[in-house]
Structure formats: C-alpha cells, structure tokens
Amino acid sequence: ALNCFTEVAGAWENPGKMELLATTVPLLNSILEEKANLLDDDNFEDRREKNQEVNSLRCCTYRTLGRIWRCDQNAEAHEEFAADALESYSQEFRGCHWTVKIALLKGLENFLESVLAELKYGKITDLLCEFGLGAERMPIRLYSVKCLHALLKYKRIKNSSPEVMKIIIGA
C-alpha cells in the first residue's frame, strides 16, 4: 500500500493542493519505530526473514516520506515537520541495511527537491560525503551524489558555505 501511495504522490498532476504532512508524517514515524520481533529460539533463517520484512517496510516508508513534500505546499506544515524528517534521514543513514540506505537516499533526494522550510544541512552533508561517497556499493554512492546535487541545485546550502567546501573536497 505504501509503494502504491508513493507512486501516486510522485505522479500527482497538481502537486501542492493536498494537505498530507500533518496526517501522514506521524503515521510514517510510527512505522519507522517498528523493530523486528526476534525471539530467542528463532533460527538464522527466521531472523533474516523478520529483519528483511522490517527493512522492506523501512524502504517504503523513507521513499514515501520523501515524496509527500511536493504534494503538500503548506509552509506551516513544512516548518513543523521538516527538521524532524531531516533528522530521521540523518539518524538512520549510518546504521541501516544497504537496501534501506538506497531507498532512504531516494526519499532524501525527493525531500530536498520539495521542502520549503529553511534547515541546517551540515550534518546530512557530512554523512553523504563521508559514508555515502565512500560507500562500498555503487548505488549508495550514486544516490549520495544525487542528494548532494539536490542540495546545490535547489539552493539548500549557500555558495561558499562550509557545506559546499565539504562537497568539493569529498568529491
């Protein structure tokens, strides 16, 4: 259902006309709080399967979290929820499974394209440069570059700022 909702939100012809953030962000945050229900007597396969289910749900959730910002152009809602969303991306980025990281980066790119609130991007820039560009897996490096590009293209960080210098040095 989340994948379907994400695709609809991404293809919506008239973005900005729906008020989604106030209802959807708390729901997505509650999904992100879900943990795998591992039992002591679970074997390796059971644990892997349970973790994979949670990771799949996290992938969908982070992609959705990124897409909904273009559909809701309410500046007050952006001010209320944007900082927490950015912090969620930052907190999850270092410790998540690589499949979740790819979906997280796709969602972050969408978020950076559409967010209206003024935010501090130093922490996420550091993470993208250090753990994104230096990642072992190519898709993580690719989507990290796309997120860094979105930071620059949509003027989320100012020219000659420390973040721009980190991007230049990191690239």
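Analyst: Happy to! Let's start with R156, which sits in the loop between α7 (138–153) and α8; helices here are DSSP runs (H or I, at least four residues), strands likewise (E, at least two), numbered from the N terminus. This is a predicted model, where local features need pLDDT of at least 70 and side-chain atom pairs count only at pLDDT 80 or more, while totals for chains, interfaces and linings use all residues. Residues are numbered from 1 along each chain as its sequence is written, and side-chain values use heavy atoms, with hydrogens and water left out.

R156 is buried (under 20% relative accessible area; exposed is over 50%, partly exposed in between, with a 1.4 Å probe and protein chains only). A polar atom of the R156 side chain does lie 3.1 Å from the backbone oxygen of V115.

Moving on to helix α8 (residues 162–170), we find M165 there. M165 is partly exposed, at 42% relative accessible area, and together with I168 and I169 it forms a nonpolar surface patch of about 340 Å² accessible area.

As for cysteines, the whole structure has 0 disulfides, counted as pairs of cysteine sulfur atoms within 2.5 Å. For C59, the nearest cysteine sulfur belongs to C60, 6.7 Å away. C59 is buried at 15% relative accessible area, and C71 is buried too, at 0%.

Terms used:
Patch = residues over 30% accessible without salt bridge, like charges linked within 9 Å, V, L, I, M, F, W, Y side chains within 5 Å. Areas by Shrake-Rupley, 256 points an atom, 1.4 Å probe, with all protein chains shown as cover. Salt bridge = Lys/Arg side-chain N within 4 Å of Asp/Glu carboxyl O. Lys, Arg positive; Asp, Glu negative; His and termini not counted. Polar contact = N/O pair within 3.5 Å; in protein donor to acceptor, adjacent residues only side chain to side chain.
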